[in-house]
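These are my notebook entries on one structure.

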Amino acid sequence: MSASTIKGARMLSAANATATKTSRLVFGARSLSLSCRPLTATTVVYNALCHTQQHTLLSPRSFSTSSTRKSQPAGIAAEGPLTSGLEKGQELHGFKVEDIQTISELKLRAIQLRHQQTGAEWLHIERDDKNNVFSIGFNTSVSDSTGVPHILEHTTLCGSEKYPVRDPFFKMLNRSMSTFMNAWTAHDYTQYPFATQNARDYENLQGVYLDAVFKPTLREVDFRQEGWRLERNPDGALGWQFKGVVYNEMKGAFSDAGSLYATRAEQQLFPGTTYQYVSGGDPEFIPDLTHEQLVEFHRTRYHPSNARVYSYGNLPLAPQLQRVAQVIGSYTRITPATVGMDVEEFGEKMVSELGPVESVGTADKQTRFSLGFLANDLRNVYETFSMSMFSSLLLNGTSAPMHKALIDSHIGSDYSANTGYSPYTRRTSLAVGLQGISDSDIPLVERRIRETFALVHEQGFERRRVDAALAGVELAYKHRTADFGLSLMKSISTGWFHGVNPVEYLKVSENVARLRADIERGGFFESLADRYFLNSRHTLKYAMLPDTKYNERLDRREHELIQGKLASLSSADLALVDRKNEALAQEQMRQEDLSSLPTLTLADVPADAGRYALSMGVAGDGTPVPVQWRTTSTNGISYLRVINDVRDKYPELRAYLPLFCECLTYLGTTSRDMAEIETDIRLHTGGISFSPFVTTDLANLGHIEAGISFGSHCLDQHIEPMYGLVLELVRETNFGNKDRLKALLNALASNMFNDVASSGHAYARRLAASTLVPEAGALETMNGISQVKFISDLARLKDLDPVVEKLRRVQEVVFNKLTMRTAVTTNKGSSDDNQRALDHLLQSYPQQGHQQQSKQGGWKEVEKFTATSGRFFCPLPFATNYAGMATRCVPYNHADSVKLQLLAKFLTPNYLHREIRERNGAYGGGAGYSALQGVFSFFSYRDPSPLTSIETFAKSIEWITAEKHEISEREMMEAKLSVFGDLDTPLSVAEEGMGYFTTGVTDDMRQERREQFFAVTPADLKDVACRYLASENAAKVTSVAVIGEETLAISGDWTQVHLK
């Protein structure tokens, strides 16, 4: 349970020193919580080690998603790995142990096995971590853009020989306590991973996944639901439309202008290879795929000889080997089919294409341009590591040469979405470019890029920056994450599928040592600049020019495709299409027998919630500041967290808080520029992050706490400089640096718009809830459509003096010792060092009393919040839509809160999933209950018919409250399992105890709530649905919002929210 920390708040971190942008696009991830951070690789395992939310001025383009559940400790011991008893050369259940290596710095043992009969490869990571992971994947390189591996990934999970039920994947979400379940299609491989802490659950999910990939039913009816189909327009309208989950997903993906640009640039960079095609599917070509082609692709690709199996954690390996061997024992070895991956160097070429216009930014600054260079062979692990470091030093942070040449020059708004090193193709690549430029700026941008490469070749990189980047990697060895096993799998997968020994990626210390030695010899990075960029034999100059008619042309092209399909069909064919659509509709409504699916029961759920030993103290003289201490095994790292609360004061400054947080790690201070400070931060810490913060009183929805949250972590020997750097940013940030402020605003405006395109469902829910409770209103102001408009308006200002004054005012009222609380997590031996450093920080920390603030003006009591209903529509130039509906309910400690939370878990799988995803063709939809906000909400994601989904939200309430509707004990149990899965997801050591620190929810409260969940009955769900969602009063505290296509038929009584 955590308070709302605003997404996108800037974090200057060591991770930023290594996380460059890539052109990697992951499709088909099945959960609905979008994470827009790409899987990047300075070292390929770096993000697995240091999996921290980060924000840079680079536009993200990964569509990989995951749902994070938080409560229990991760359970990673400080001691070495387990001992399996296996030896090299040993054969067990048909698998031969080919190698065993211990990686001491990661506290793991890597066991590599091969199935002797089929050649299937298995990597088992033995580590004392109870969050066990399993994955099976296949090489799925493509020779067209029909999206066959992506659609196969969906249909594979729609029923199998042993589990012949419709979509067992989604049904298992509620029969499991998994901490992660998903599947995704990358450039040239597809993976099916899950994670769980329960041994029985692990066996259940492993069985479902193995049967799904090797024995799927692959029915045509599922292909038509998940892939594409022709269907008559609804409500008696003339004409036809394309529908299908993947079809609508990819229309939405291509609505993100940055993602579209990066995808098209990559296609042009790799002609004649599998990478010239879109593995996820291009909406123009998806309707070319037939069911027969899908089945054949599965036959040739989903074979053990083409498989990579990954397992991780503390569960024994032998039973897993036995289970998998039973599944694949009937297969014989084959030579898997592949598509060419080696590109023929073409010298240099220029390509220009038309693209969409964004709603933010000026009309004459909508062009995107980049230079893309072919780099090293992915299979050279050290060269890949070195190139990742090169890319980081070249691009990331205000001190980076390209940042100085391109961003600080104000030529464009931000780096282009494909900027960075991409180690996800057989030959890696590095691209550098800008978005938000004029057509006439293209020659200038190209010249600046080439001049910067020449400068790096001549001078190399500043040694302190190099040392800082390497220090970040080494700190990451010690920083423990709750999802280490899953992150590790993601990080090694691309190379593994290309034939690289995956264990080589784990030897980070060896690569760091080798790189240090090469740097000492001199000229190392200079030689990379010369080899791959100054003397490149393969360079793409790619421009995307704005076309105000772009979306109209897409609509026209879609219409032409539909008409082409219809022209090829006879009247008998069309009648058959109608019958198939009717059969699909009947199939979607059919009541299923789910008895074949395995399930946990409530007996498998621990009765007790995890507890964290905390102690309370104070720091500072005169005006003591409360400190929450968590003393535990942290592997030699100290973690600091600070909250400055202004309660519900200063509502007029709230919109400036996100910008204020960005400024703190971008503008520099009155005595030093940001480049120098940035290097110090990376040398001594794992990053310093600032973000707006808001949470609701546990007993009163009308009272909120709002302000700033910030934090950092470091090795214990760097405690003093960490606290000093935090204080420097707090006290001395130079808000008068208008040149850099302008660059920051331009980048934020562009990136926020792209974020709406990828996470529109979250924006729709926030917009709908904003009229209902103060916290949601604050979140809309700071992280919603209102914030997108606010920042884009500021970016257009010529005179930034008023903005500077507002930021200085925020600094005065937010950073105040009187409204401050802190939390420190550290080793027992480092508590005194942290206490001294915190005491020293507080000696110079700002302090203002009520009287001082009154004299300065601006002390305003916020007006009493009154919940009102509303309907909002935000038209944007997208080819997809998002819908949200929200209702005000009860505070956290109300007896009905747990019932409402369970109700949301019940409605999603039992009604909303079927109606929104399966029948309406949206990529996803569901319900949720925010216990801290007290808001019950619905959403749809990448939705072709958002108004239909809003009707569906209302119908779900009618369905649950109908007198004839009965909730079965099985459905009730599944809803509870889903809730407990959320509650019991592992935490990193840095997160332990943070629920109490941020929200005030104690361990006793969590335990009491847990016991209440066990006690909820089916009658309770119907009761709260009637009283809070179906009553006459509910209509007065319910709002809806739609974000999407400008052509939607929205009635005149909706409030229009325009970004311009």
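**Entry 1: Ile411 and its loop**

Where is the place of Ile411? I found Ile411 in the loop between α11 (401–407) and β17 (414–415). I took helices (H or I, at least four residues) and strands (E, at least two) as DSSP runs, numbered from the N terminus. The model is predicted: local features need pLDDT of at least 70, side-chain atom pairs count only at pLDDT 80 or more, and totals for chains, interfaces and linings use all residues. Residues are numbered from 1 along each chain as its sequence is written, and side-chain values use heavy atoms, with hydrogens and water left out.

Ile411 is buried, with a relative accessible area of 6%. Buried means under 20% relative accessible area, exposed over 50%, and partly exposed in between (1.4 Å probe, protein chains only). I then listed contacts, meaning heavy atoms within 4.5 Å. Lys580 is 169 residues from Ile411 in sequence and 54 Å away in space, C-alpha to C-alpha.

**Entry 2: positive phi**

Most residues other than glycine have a negative phi. I noted two residues with a positive value.

- His410 has a positive phi of about 65° although it is not a glycine. His410 also sits in the loop between α11 and β17, and at 27% relative accessibility it counts as partly exposed.
- Leu218 has a phi near 50°, again positive in a residue other than glycine. Leu218 is in the loop between α4 (199–214) and α5 (220–226), and it is buried at 8% relative accessible area.

How many residues of β16 (residues 367–377) are buried? I read 10 of its 11 residues as buried. For pairing I required at least two DSSP bridges between two strands. Eight bridges join β16 to β19 (residues 427–437), and the two run antiparallel; Thr367 stands opposite Ile437 there. Six bridges join β16 to β20 (residues 538–546), also antiparallel, with Leu371 opposite Lys541.

Helix α25 (residues 785–795) is mostly covered too, with eight of its 11 residues buried. Among them are Ile785, Val788, Phe790, Ile791 and Leu794.

**Entry 3: the open sheet**

Six strands form an open sheet in the order β29-β30-β28-β32-β27-β33, with mixed pairing. β29 (924–930) and β33 (1055–1056) stand at the edges with a single partner strand each, so one side of each is left without a neighbour in the sheet. Two bridges join β27 (residues 870–876) to β33, and these strands run parallel. Phe872 stands opposite Thr1055 in β33.

**Entry 4: nonpolar cores**

I defined a nonpolar core as a set of buried Ala, Val, Leu, Ile, Met, Phe, Trp, Tyr and Cys residues joined through side-chain atoms within 4.5 Å. The largest has 141 residues, and those with the most contacts inside it include Phe390, Phe453, Phe525 and Leu741. Helix α22 (residues 738–758) gives the most to this core, with 10 residues. A second, separate core of 79 residues includes Trp122, Ala253, Val324 and Val351.

Which residues does Phe390 touch, not counting those up to four places away in sequence? I listed Leu430, Phe453, Val456, Phe461, Phe525, Leu528, Ala529 and Phe533.
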